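Dear colleague,

Please find below the structure that I am handing over to you, followed by an account of what was found in it. I should be grateful if you would read the notes with the model open.

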Amino acid sequence: MIITVINQKGGVGKTTTSVNLAYSLAKTKNTALIDLDPEGGATVSFGIKREKKDYPLGGKSVNIFNVEMFPAHIGLLKVELNGDIESTVSTLRKIAESFDYLVIDTPPNLGTLSVSAMMAADKIVTPITPQPLVLEAAKNLDSRLVSLNKKAFAVTNMSKKAVNVDYSAVKSIDIAIPQSKLFSEATRLGVPAVRYEEFRVKKTKLGSLYEKLAKMVIE
């Protein structure tokens, strides 16, 4: 199953969602995470440096925290500029064949890499926050998803209450991930926030929320 995490608006917790969703899924299933964002946010979140070499898509991976991580590299820029969506979709599906779940973190745009990831997806998750510009971005994403005959779950970040979104192809689920200093601390250390929380507290609140998200997405 391919799970694409997407939102063309930056700063909504897209990478955070990708990293912690993949980590949660990897506890029980063979899971991979591919960082399609040339900026490499998910890569850094796993304590890996963004590759300066030009690899083919899916050309390098490392297993960390039981997640097969495909780090970002400069070759992604060529894929983005090449505009060959059909080939990119095919490659992503080929990579996914080796895993139970392939989570894809995407760039904050609707270019070649992001559209390819949406087209390849079996499930799509779009992180949102309770801000007007983010909700407007969700409307724009909805239009693109309708044209692709796809649907997306909207999960709320940086809030104690889920935002109600009900568009044709984007519908919210009752999960809200609150703000927490654990996220910034975990990123600085290069570990998923859920894993970091497991070592910090006895009762894992974030872990429970991402496990709930994982169950809702794969059902």
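T31 is in contact (heavy atoms within 4.5 Å) with A22, L25, A26, N66, V67, E68, F99 and Y101, leaving aside its neighbours within four places in sequence. T31 belongs to strand β2; strands (E, at least two residues) and helices (H or I, at least four) are DSSP runs, numbered from the N terminus. With a relative accessible area of 1%, T31 is buried, a term that stands for under 20% relative accessible area, while exposed stands for over 50% and partly exposed for the range in between (1.4 Å probe, protein chains only).

Two remarks on the basis of these values are in order. The model is predicted, so local features need pLDDT of at least 70 and side-chain atom pairs count only at pLDDT 80 or more, whereas totals for chains, interfaces and linings use all residues. Residues are numbered from 1 along each chain as its sequence is written, and side-chain values use heavy atoms, with hydrogens and water left out.

Strand β2 (residues 31-35) also holds D35. D35 is buried, at a relative accessible area of 1%. Residues up to four places away in sequence aside, D35 touches G40, G41, A42, T43, M69, F70, P71, A72, L76 and D105. D105 lies 70 residues from D35 along the chain, yet their C-alpha atoms are separated by 5.1 Å. The side chain of D35 also has polar contacts, defined as pairs of N or O atoms within 3.5 Å; within protein, one must be able to donate a hydrogen and the other to accept it, and residues adjacent in sequence count only if both atoms are side-chain atoms. One is with the backbone nitrogen of D37, at 3.1 Å. In another, a polar atom of the D35 side chain lies 3.3 Å from the backbone nitrogen of A42.

The buried residues of α1 are K14, T15, T17, S18, V19, N20, L21, A22, Y23, S24 and L25. The end C-alpha atoms of α1 are 16 Å apart, in agreement with the 16 Å that its 12 residues should span at 1.5 Å a residue; the expected span is 1.5 Å times one less than the number of residues.

Helix α5 (residues 112-120) is mostly covered, with 8 of its 9 residues buried. These are T112, L113, S114, V115, S116, A117, M118 and A120. The buried residues of α5 pack against β1 (2-5), α3 (75-82), α4 (85-96), β5 (101-105), β6 (123-128) and α6.

Helix α9 (residues 205-218) has 14 residues and reaches 20 Å from its first C-alpha to its last, close to the expected 20 Å. Its buried residues are L206, G207, L209, Y210, L213, A214 and V217. They cover an arc of only 160° around the axis, which puts them on the same side of α9; the arc is that of the directions from the helix axis to the C-beta atoms. K205 and K215 are exposed on the other side of α9.

Grid points are joined across faces, edges and corners, and a volume is the space filled by probe spheres set on the points.

The largest pocket holds about 370 Å³ of space. Its lining consists of 22 residues, of which V12, G13, K14, T15 and T16 lie nearest its centre. At least two lining residues come from each of α1 (14-25), α2 (41-45) and α7 (181-189).

The whole structure contains 2 cavities of 30 Å³ or more. The largest cavity has a volume of about 60 Å³ and is lined by T16, V19, N20, S45, F183, A186, T187, V191, P192 and A193. Helices α1 and α7 each supply at least two residues of that lining.

Finally, two backbone angles may interest you. Most residues other than glycine have a negative phi. N66, in the loop between β3 (62-64) and β4 (67-70), has a positive phi, near 70°, and is partly exposed at 48% relative accessibility. N149, in the loop between α6 (132-148) and β7 (152-157), has a positive phi near 60° and is exposed, with a relative accessible area of 71%.

With kind regards

Methods
On a 1 Å grid over the protein atoms alone, a cavity is a set of points where a 1.4 Å probe fits but cannot get out, and a pocket is an open set with protein on both sides within 12 Å along at least five of seven lines; lining residues have an atom within 4 Å of a point.
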